[in-house]
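Reader: Could we go through this structure together? I would like to begin with the terms and then move to the details.

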Amino acid sequence: MTGVPRILLNNGVEIPQLGFGVYQVPPEGTAEAVRTAFEVGYRHIDTAQMYGNEAGVGQAVAESGLDRDEVFITSKLNNGNHARDRALASIEESLAALRTDHVDLFLIHWPLPDVGDYVETWHVLEEIYRAGKARAIGVSNFQPHHLRRLLAASEVVPAVNQVEVHPYLVNQEVREFDAEYGIVTEAWSPIAQGKVLDDPVIVAIARRLGRTPAQVTLRWAIQRGDVVFPKSVTRARVEENFRLFDFELTADDVAAISALDRHERTGPDPDTFNYVPS
Ligand SMILES: NC(=O)c1ccc[n+]([C@@H]2O[C@H](COP(=O)([O-])OP(=O)(O)OC[C@H]3O[C@@H](n4cnc5c(N)ncnc54)[C@H](OP(=O)(O)O)[C@@H]3O)[C@@H](O)[C@H]2O)c1
C-alpha cells in the first residue's frame, strides 16, 4: 500500500490522487524514471502520445513485476490524431507501446478550437471507451465553454479535465465548472515547473511546517481535491514529492497560497493553441 488516497471518477473507476508525470522525460530515460517512481511507491503514470515516451512507460510496467491492475496509466490523444481514423489507429499504437490491452484513462490532449471539431473527436473516444480500450475517458485543457458544447452533444461525461493549475494559476472557474458536472480536475505543472518554489508565502509555510516548498505546493493541490502528478528525473525529488500524506496545511495556509493567483500560465492558452504537428 502506498498511502495515496484514491478518488472515485464519475464511472466508478478509482484513480490514485498522486501520480508521476513524464512530460519532457527523454524517451531513452523514461523506463528508468518510471522504475524509480515505482520503487518509491507511485502507482499512477501520466504520459501522452505527444511525449514520445509511452514505450518507456510500457517497458517499466512490464519489468516491474506489478500486476497490470496495480498501475493506473493515463495517455492522451496527440493533436494530429483528432480525425476518427487517426484516433482509432493511434490508440492501438499507444496500447502496443504501453504493452497493454487498455489504458486506465485516455484524454483529448488539447481542444484545438480552430482545427476540426473536438466534439466529433470526443465521440471517437466514446467508441474507444465502449470497446474497453480505456477504462475511463476525459479531456485536457478544456475551458468551460468547450465542455458546455461537448456535454450538450455527447452521452459520456468526461471523467476528468486535466488543466494547468498551480499557485500562480489557480484556475478556479474551470475547477468549479468541473466540480459542478462531476468531472475531476487534474492539475498539470502543479509546481509550475519550479517557478513557485521561491515564493515567500510558500517558503514561510514550508519553514514553519519543516517541509519543502514543493511539498507544501503539492499538498495545497491535494487538499483542494485535485489529482497531481509532479515530474522529476531526480530520485531525491521523486521521493520528496511522494511524502505528502503525513502533514496538513491549515485552512489559512490553503487560502494564503490560493491568494497568490496571478492568472499566469506556464503553458499555452487553450483558447488560442491550435498547433498540429506536420
Ligand atoms: N495535459 C497537458 O497539456 C500537460 C501539460 C504539461 C504537463 N502535463 C503533465 O503534468 C506533469 C507535471 O507537469 P510538468 O512536468 O510540466 O511540471 P512540474 O511537475 O510542475 O515541474 C517539473 C519540474 O520541476 C522540477 N522539480 C520536480 N520536483 C521538484 C522538487 N521537489 N523540488 C525542486 N524542483 C522540482 C523538475 O526537475 P527535474 O526533473 O530536473 O528533477 C522539473 O524541472 C507532466 O509531466 C505531464 O504528465 C500535462
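Author: Helices (H or I, at least four residues) and strands (E, at least two) are DSSP runs, numbered from the N terminus. This is a predicted model, in which local features need pLDDT of at least 70, side-chain atom pairs count only at pLDDT 80 or more, and totals for chains, interfaces and linings use all residues. Residues are numbered from 1 along each chain as its sequence is written.

Reader: Where is Asn 53 found?

Author: Asn 53 sits in the loop between strand S4 (44–46) and H2.

Reader: Is Asn 53 buried or exposed?

Author: A residue is buried if 20 or more other C-beta atoms lie within 10 Å of its own, exposed if 12 or fewer, and partly exposed in between, with C-beta atoms placed from the backbone. Asn 53 has 25 other C-beta atoms within 10 Å, so it is buried.

Reader: Which residues does Asn 53 touch?

Author: Two residues are in contact if their C-beta atoms, placed from the backbone, lie within 7 Å. Not counting residues up to four places away in sequence, Asn 53 touches Val 22, Val 25, Pro 27, Thr 30 and Thr 47.

Reader: At what angle do H1 and H2 pack?

Author: Helix H1 (residues 27–40) and helix H2 (residues 54–64) pack at an angle of about 40°, and their axes are 7 Å apart. Axes here are lines fitted to C-alpha atoms, for helices over the stretch in contact, and angles run from 0 to 180 degrees between N-to-C directions. Angles under 35 degrees count as roughly parallel, over 145 as roughly antiparallel, 65 to 115 as roughly perpendicular and the rest as oblique. H1 and H2 are therefore oblique to each other.

Reader: Which residues of H1 and H2 meet?

Author: From H1, Pro 27, Thr 30, Ala 31, Val 34, Arg 35 and Phe 38 meet Ala 55, Gly 56, Val 57, Gln 59, Ala 60 and Ser 64 in H2.

Reader: And H4 with H5: what is the angle there?

Author: Helix H4 (residues 118–130) packs with helix H5 (residues 144–152) at about 55°, their axes being 9 Å apart. That makes H4 oblique to H5. Tyr 118, Val 119 and Trp 122 of H4 make the contact with His 146, Arg 149 and Leu 150 of H5.

Reader: Turning to the largest nonpolar core, how many residues has it?

Author: The largest nonpolar core has 73 residues, and those with the most contacts inside it are Val 22, Val 34, Val 57, Leu 105, Phe 106 and Val 228. The largest share of this core, 6 residues, comes from helix H8 (residues 213–223). A nonpolar core is a set of buried Ala, Val, Leu, Ile, Met, Phe, Trp, Tyr and Cys residues joined through C-beta atoms within 7 Å.

Reader: What does Val 228 touch?

Author: Leaving out residues up to four places away in sequence, Val 228 touches Leu 18, Ala 187, Pro 190, Leu 218, Ala 221 and Ile 222.

Reader: How many residues of H8 are buried, and what covers them?

Author: In H8, 10 of the 11 residues are buried, so this helix is largely enclosed by the rest of the structure. The cover includes strand S9 (184–188), helix H7 (200–209), strand S10 (227–228), helix H9 (235–240) and helix H10 (251–258). H8 is followed by Gly 225, which has a positive phi near 95°.

Reader: What is phi at Ala 192 and Gln 193?

Author: Ala 192 has a positive phi of about 55° although it is not a glycine. Gln 193, a residue other than glycine, has a positive phi near 55°. Ala 192 is buried, with 20 other C-beta atoms within 10 Å, whereas Gln 193 is partly exposed, with 15.
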